[in-house]
Amino acid sequence: MDIVIAILFTLSSFLLVFAVLLTLPGTWLMVLMAMLLNLTMDTNPFSWWTIGIAIVLAGLGELLELLAGGAGAKAKGASKRAIVASVAGGIVGAILGTAILPIIGTIVGSALGAGIGAIVFEFTIADRRDLKHLRGIGTGAFTGRLLATVLKTAVALVMAVMLSVAAFV
């Protein structure tokens, strides 16, 4: 691969790691970039095995994000609908947080949205209105969402390093 293209790919990949923090699909965009380079260049700059591994890693990142986002609330005894509300609240919170304060607002908004979503839906169950229980659910959902962001970002970083090394080999 031309050195210029490899450098641009590497810079773009690490920029996309940052995009994952903003809850954007940075891992999938890395995969797409690698596939487009393979399909448009005379020689395949990446082996299809490398791209396959990147696809598996991107899927793993999504799975970790989904599971960790609700796991915090579940660990504190949340109902199934509160767990689902935690995931949905995380998405809504990220969007609103980004509108208020890009980057930091996205991360904090996502975590707050997860906590608030879990609390609101848990509150609708008559026997679960205990303040201590609700606080635990909200804190668990908040922490789980932050953990989900960290895990997915770590996967994105592994992908960026792997694909960047492959771009120069």
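Reply: Start with a contact in this predicted model. Ile5, Phe9, Ser12, Ser13, Leu16, Val17 and Val20 of helix 1 meet Gly26, Thr27, Leu29, Met30, Met33, Ala34 and Leu37 of helix 2. By class, that contact has 10 nonpolar, 4 polar and no charged residues.

Me: Why is helix 1 called roughly antiparallel to helix 2?

Reply: The two helices pack at an angle of about 160°, with their axes 8 Å apart. Angles over 145 degrees count as roughly antiparallel. Helix 1 is therefore roughly antiparallel to helix 2. Helix 1 passes helix 2 in a right-handed crossing.

Me: What makes helix 1 and helix 6 roughly antiparallel to each other?

Reply: Again, the angle. The axes of helix 1 and helix 6 (residues 131–168) cross at roughly 175° and come within 9 Å. The cut-off is over 145 degrees. So helix 1 and helix 6 count as roughly antiparallel.

Me: Which residues make the contact of helix 1 with helix 6?

Reply: On helix 1, they include Ile3, Ala6, Ile7, Phe9, Thr10 and Val20. On helix 6, Lys152, Thr153, Ala156 and Ala167 are among them. By class, this contact has 15 nonpolar, 5 polar and 1 charged residues.

Me: Why is Ile7 called partly exposed?

Reply: Ile7 is in helix 1. Its relative accessibility is 39%. Buried needs under 20%, and exposed needs over 50%. The value for Ile7 lies in between, so Ile7 counts as partly exposed.

Me: How far apart are Ile7 and Ala167 in sequence and in space?

Reply: They are 160 residues apart in sequence. In space, they are 8.3 Å apart, C-alpha to C-alpha.

Me: How do you know whether Val20 is buried or exposed?

Reply: Val20 also belongs to helix 1. Its relative accessibility is 4%. The limit for buried is under 20%, so Val20 counts as buried. Not counting residues up to four places away in sequence, Val20 touches Gly26, Thr27, Lys152, Thr153 and Ala156. Val20 and Leu101 are 81 residues apart in sequence and 16 Å apart in space, C-alpha to C-alpha.

Me: How many aromatic pairs does the structure hold?

Reply: The structure holds 1 aromatic pair. Phe9 and Phe46 form this pair, 5.0 Å centre to centre, with 50° between the planes.

Me: Why is the pair of Phe9 and Phe46 called tilted?

Reply: A pair of aromatic rings is described by the distance of the centres and the angle of the planes. Centres must lie within 6.5 Å to pair, and those of Phe9 and Phe46 are 5.0 Å apart. Stacked needs planes under 30 degrees apart, and edge-to-face needs over 60.

Me: What parts of the chain does the pair link?

Reply: Distant ones, with Phe9 and Phe46 37 residues apart. Phe9 is in helix 1 (residues 3–21). Phe46 is in the loop between helix 2 (26–40) and helix 3 (48–75).

Me: What makes Phe9 and Phe46 buried?

Reply: Phe9 has a relative accessible area of 3%. Phe46 has 1%. Buried means under 20%, so Phe9 is buried and so is Phe46.

Me: Why does Ser86 count as buried?

Reply: Ser86 lies in helix 4 (residues 80–100). Its relative accessibility is 1%. That is under 20%, so Ser86 counts as buried. Leaving aside neighbours within four places in sequence, Ser86 is in contact with Gly69, Ala114, Gly117, Ala118 and Ala141.

Methods. Residues are numbered from 1 along each chain as its sequence is written. This is a predicted model: local features need pLDDT of at least 70, side-chain atom pairs count only at pLDDT 80 or more; totals for chains, interfaces and linings use all residues. Side-chain values use heavy atoms; hydrogens and water are left out. Rings of Phe, Tyr and Trp (its six-membered ring) pair if their centres lie within 6.5 Å; planes under 30 degrees apart count as stacked, over 60 as edge-to-face and the rest as tilted. Helices (H or I, at least four residues) and strands (E, at least two) are DSSP runs, numbered from the N terminus. Buried means under 20% relative accessible area, exposed over 50%, partly exposed in between (1.4 Å probe, protein chains only). Axes are lines fitted to C-alpha atoms, for helices over the stretch in contact, and angles run from 0 to 180 degrees between N-to-C directions. Angles under 35 degrees count as roughly parallel, over 145 as roughly antiparallel, 65 to 115 as roughly perpendicular and the rest as oblique. Contact means heavy atoms within 4.5 Å. Ala, Val, Leu, Ile, Met, Phe, Trp, Tyr, Cys and Pro count as nonpolar, Asp, Glu, Lys and Arg as charged, and the others, Gly among them, as polar. A crossing is left-handed if the near helix is turned anticlockwise from the far one by less than a right angle, and right-handed if clockwise.
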